[in-house]
Amino acid sequence: MSLDELIPLVRELPTLDRLHLIHILVEGLDQPSAEDISPLEQYKIYEIHTPYDTYGAADQLLQLLNESNSSSI
């Protein structure tokens with residue numbers, strides 16, 4: 001049965017049954033499975049870009065904001 005076929009059936013269930021189904025599905029997420037849903041590799045270092053220490057970007061955004069405000073007046 002596909003997900004497209006299952007969703008209408010789930011929507012017909014009483015609220016308590018849907019809550020119970022949610023509980024079952026969440027419990028299944030806690031258990032490790034053979035197919036890992038995460039594409040990340042263990043012990044590999046990934047670079048994460050954050051807005052910290054990017055002062056030039058903040059200045060550029062402020063400049064764009066000021067230009068936007070002045071053109072809308």
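Guide: What follows looks at a surface patch and its residues, then turns to the rest of the chain.

This is a predicted model, in which local features need a pLDDT of at least 70 and side-chain atom pairs count only at pLDDT 80 or more, whereas totals for chains, interfaces and linings use all residues. Residues are numbered from 1 along each chain as its sequence is written, and side-chain values use heavy atoms, with hydrogens and water left out.

The patch is nonpolar, covers about 510 Å², and is made by Met-1, Leu-3, Leu-6, Ile-7 and Leu-9. Such a patch is built from residues with over 30% relative accessible area and no salt bridge, joining like charges within 9 Å or nonpolar side chains (Val, Leu, Ile, Met, Phe, Trp, Tyr) within 5 Å; a salt bridge is a side-chain nitrogen of Lys or Arg within 4 Å of a carboxyl oxygen of Asp or Glu. Areas come from the Shrake-Rupley method with a 1.4 Å probe, and for residues only the protein chains shown count as cover.

Met-1 sits in the segment before H1, and its relative accessibility of 74% makes it exposed, on a scale where buried means under 20% relative accessible area, exposed over 50%, and partly exposed in between (1.4 Å probe, protein chains only). Beyond its neighbours within four places in sequence, Met-1 is in contact with Leu-6 and Leu-9, contact being heavy atoms within 4.5 Å. Leu-9 belongs to helix H1, residues 3-11, and is partly exposed at 42% relative accessible area.

Of the 73 residues, 0% count as buried, and the chain exposes about 7500 Å², of which carbon and sulfur atoms supply 60%.

Confidence in each residue is given by pLDDT, on a scale from 0 to 100; the chain averages 84, and 86% of the residues score at least 70. Confidence is highest in H1, at 93, and lowest in helix H3 (residues 55-72), at a mean of 85. Where pLDDT is low, the predicted coordinates should not be read in detail.

Key
Helices (H or I, at least four residues) and strands (E, at least two) are DSSP runs, numbered from the N terminus. pLDDT is the predictor's confidence in each residue, from 0 to 100.
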